[in-house]
Amino acid sequence: MIISKTPVRLTLGGGGTDLPSYCSKYEGFVVASALNKYIYLVVKRRFEKEIRVSYSVTEIVKSAHDIRHPVVREALKLLGLRNHLEIVSISDVPAETGLGSSGSFTVGLLHVLHAFKDENPSRRKLAQEACRLLMEILKDPCGVQDPYIAAFGGFICLEIAKDGKVAVSPLKISDDAVRELEDNLLFFYTGIKRNSAQVLRNQSKSIDDSRALEAMHRIKEIGFKVKHALERGDLTEFGRLQHEHWMAKKSTSSEISNNPINRWYRRALENGAIGGKIMGAGGGGFLMLYCEDNRDIVKKAMAKEGLKEVKCRFEREGSKIVINL
């Protein structure tokens with residue numbers, strides 16, 4: 001039995017500029033970090049010849065080609081695994097909530113399947129394979145940041161060239177700034193699940209609109225400013241930039257926000273939050289807020305709105321094999 005443990009992610013700046021519709025023309029830049037919420041993938045040799053896959057449902061099939069879960073099916077085909085397998089997925093957080101869980105699932109699955117074959121791929125290879133599976137084989141309208149942060153972990157900057165090549169570099173943030181950032185960031189689950197693929201498709205199509213394109217350029221510019229603010233430890237500026245990012249992001253697609261989200265965000269600002277955003281593609285999932293002196297007041301305001309606080313810390317490591325029996 002082999003178990004992989006893969007973190008989800010928090011985009012800190014430049015989110016969306018890693019989408020091919022944008023970076024293939026203008027290059028992308030993203031600052032992101034892994035969070036201490038994980039997806040676990042368990043793989044075990046099965047006595048019976050059939051493949052058993054258990055996630056939100058359970059499938060027992062004769063061949064990898066018969067598996068309904070697209071990522072599991074294509075991952076097995078990619079690595080040449082055909083039968084006598086049992087695969088189980090366990091997650092700390094729900095899917096479709098803006099934490100990059102699809103990228104984390106894909107990286108974790110590839111990692112554990114490689115380990116099953118006695119292979120030890122590099123972090124870059126894991127990220128590249130996951131991107132190929134999601135973006136080329138399955139034609140998922142996602143970007144590269146989710147697989148890369150799941151594979152590398154920690155705080156990283158991603159520079160995405162027009163030809164799709166990704167340069168990875170560490171964010172030079174001090175330990176004191178990390179601790180303060182962890183104290184000042186609040187995460188609330190809205191209870192809204194949404195199809196991120198549909199939101200991303202809509203956002204990608206809107207790139208042709210001059211207003212949306214200008215907003216994407218602004219988001220990339222904010223990404224660089226976020227990098228510099230975090231590296232010099234100016235977290236108040238980081239909070240202000242999160243607000244600017246959210247205002248710009250809402251300009252790229254009508255599906256990114258809605259009346260309840262706008263109300264929650266407005267209430268947070270009224271009660272002392274400096275900035276924030278809906279995480280991931282938008283439309284629901286987790287609301288992230290940056291607060292300094294009024295954290296308890298903001299928490300009470302969000303609780304009155306029916307939002308559940310979820311405690312999150314940063315994760316220094318990317319996907320890893322935690323058990324290999």
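This report describes selected side-chain contacts, cysteines, backbone angles and surface features of a predicted model.

## Salt bridges

A search of the whole structure finds 21 salt bridges. One of them joins Glu86 to Arg52, with the closest N and O atoms 2.7 Å apart. This pair connects distant parts of the chain, since Glu86 belongs to strand E5 and Arg52 to strand E3 (residues 51-54), 34 residues apart. Arg52 counts as partly exposed because its relative accessibility is 23%. Glu86 and Arg52 also belong to a network of salt bridges that includes Arg46 and Glu48.

A second example is found within a single helix. Glu221 and Arg218 form a salt bridge whose closest N and O atoms are 3.0 Å apart. Both residues lie in helix H8, three residues apart, which is about one turn of the helix. Glu221 is partly exposed, with a relative accessible area of 38%, and Arg218 is partly exposed at 25%. A further salt bridge brings together the side chains of Lys299 and Glu309, at 3.8 Å from N to O. Here the partners come from helix H11 (residues 295-304) and strand E11 (residues 308-309), respectively, and are 10 residues apart. Lys299 has a relative accessible area of 23% and is therefore partly exposed; Glu309, at 28%, also counts as partly exposed.

## Aromatic rings

The structure holds eight aromatic pairs.

Lys5 lies over the face of Tyr38, at 4.3 Å from the ring centre.

## Cysteines

A disulfide is a covalent bond between the sulfur atoms of two cysteines. How many disulfides does the structure hold? The number is zero. The sulfur of Cys291 has its closest cysteine sulfur in Cys312, 14 Å away, and this is too far for a bond; a disulfide requires sulfur atoms within 2.5 Å. Cys291 counts as buried because its relative accessibility is 0%, and Cys312 counts as buried at 11%.

## Backbone angles in two loops

Most residues other than glycine have a negative phi. His84 is not a glycine, yet its phi is positive, at about 55 degrees. His84 lies in the loop between helix H2 (70-79) and strand E5 (85-91).

Glu96, also not a glycine, has a positive phi of about 60 degrees. Its place is the loop between E5 and helix H3 (101-116). Glu96 is partly exposed, with a relative accessible area of 39%.

## Surface and burial

Met1, Val322, Ile323 and Leu325 make a nonpolar surface patch of about 360 Å². Leu325 lies in the segment after strand E13 (320-324), and its relative accessibility of 74% is why it counts as exposed.

Lys220 is found in helix H8. Is Lys220 buried or exposed? Lys220 is buried, because its relative accessible area is 17% and the cut-off for buried is under 20%. The C-alpha atoms of Lys220 and Arg124 are separated by 23 Å, and the two residues are 96 residues apart along the chain.

How values were computed. Residues are numbered from 1 along each chain as its sequence is written. This is a predicted model: local features need pLDDT of at least 70, side-chain atom pairs count only at pLDDT 80 or more; totals for chains, interfaces and linings use all residues. Side-chain values use heavy atoms; hydrogens and water are left out. Patches are made of residues with over 30% relative accessible area and no salt bridge: like charges are joined within 9 Å, nonpolar side chains (Val, Leu, Ile, Met, Phe, Trp, Tyr) within 5 Å. Accessible areas come from the Shrake-Rupley method with a 1.4 Å probe; for residues, only the protein chains shown count as cover. A salt bridge is a side-chain nitrogen of Lys or Arg within 4 Å of a carboxyl oxygen of Asp or Glu. Helices (H or I, at least four residues) and strands (E, at least two) are DSSP runs, numbered from the N terminus. Buried means under 20% relative accessible area, exposed over 50%, partly exposed in between (1.4 Å probe, protein chains only). Rings of Phe, Tyr and Trp (its six-membered ring) pair if their centres lie within 6.5 Å; planes under 30 degrees apart count as stacked, over 60 as edge-to-face and the rest as tilted. A charge sits over a ring if NZ of Lys or CZ of Arg is within 6 Å of the ring centre and within 35 degrees of the ring normal.
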